[in-house]
Amino acid sequence: MIWSHSGNFNLGDLAAGGGTDLNTPLLRGYQSLAQDYFDDFQKAVIIITDGIFSFSINQTDYASVKKDTLTFAYLLGNS
């Protein structure tokens, strides 16, 4: 996935490819938003998935990078 500071991206370019790994993108999102560039911004990570996922990293590890970033999760479908 290509990250863009402008917020312009095409959801139609995303493709499903198997299982739902939310650990890696969630941590990368938190780490990206922890950069000094975003200090004066309201930060949020929004997860939209139709998959079942489990967290393999304990909450203490997430808290160390999450800081003041809001997190929203939307689970779609009946998976």
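This is a short tour of a predicted model, to be followed selection by selection in your viewer.

Begin by selecting Lys43, which you will find in the loop that runs between α1 (23-33) and β1 (44-49). Is this lysine buried or exposed? Lys43 has a relative accessible area of 7%, and because the cut-off for a buried residue is under 20%, Lys43 counts as buried. Now show the residues around it: if you leave aside the neighbours within four places in sequence, Lys43 is in contact with Leu33, Phe38, Asp68, Thr69 and Leu70.

The structure holds one salt bridge.

Next, step to Lys67, which is placed in the loop between α2 (59-66) and β2 (70-75). Lys67 has a relative accessibility of 60% and counts as exposed, while Lys43, as you saw, is buried at 7%. If your viewer reports backbone angles, look at phi of Lys67, which is near 50°, a positive value in a residue other than glycine. Most residues other than glycine have a negative phi.

Now select Leu33, one of the contacts of Lys43. Not counting residues up to four places away in sequence, Leu33 touches Phe38, Lys43, Ala44, Val45 and Thr69.

From Leu33 you can move on to the largest nonpolar core, which has 10 residues in all: Leu22, Leu26, Leu27, Tyr30, Leu33, Phe38, Val45, Ile47, Tyr62 and Val65. Which elements give two or more residues to this core? They are α1, β1 and α2, and α1 gives the most, with four residues.

To finish, select α1 and colour its buried residues, which are Asn23, Leu26, Leu27, Gly29, Tyr30 and Leu33. Where do they sit around the helix? They cover an arc of only 155° around the axis, which puts them on the same side of α1. Turn the view along the helix axis to look at this side, and notice that Leu26, Leu27, Tyr30 and Leu33, which are among these buried residues, also belong to the nonpolar core.

Note on methods. Residues numbered from 1 in each chain as written. Predicted model: local features only at pLDDT ≥ 70, side-chain atom pairs only at ≥ 80, totals over all residues. Heavy atoms only, no water. Buried < 20%, exposed > 50% of the residue type's maximum accessible area, 1.4 Å probe, protein only. Contact = heavy atoms within 4.5 Å. Salt bridge = Lys/Arg side-chain N within 4 Å of Asp/Glu carboxyl O. Core = buried A, V, L, I, M, F, W, Y, C linked by side-chain atoms within 4.5 Å. Arc of directions from axis to C-beta.
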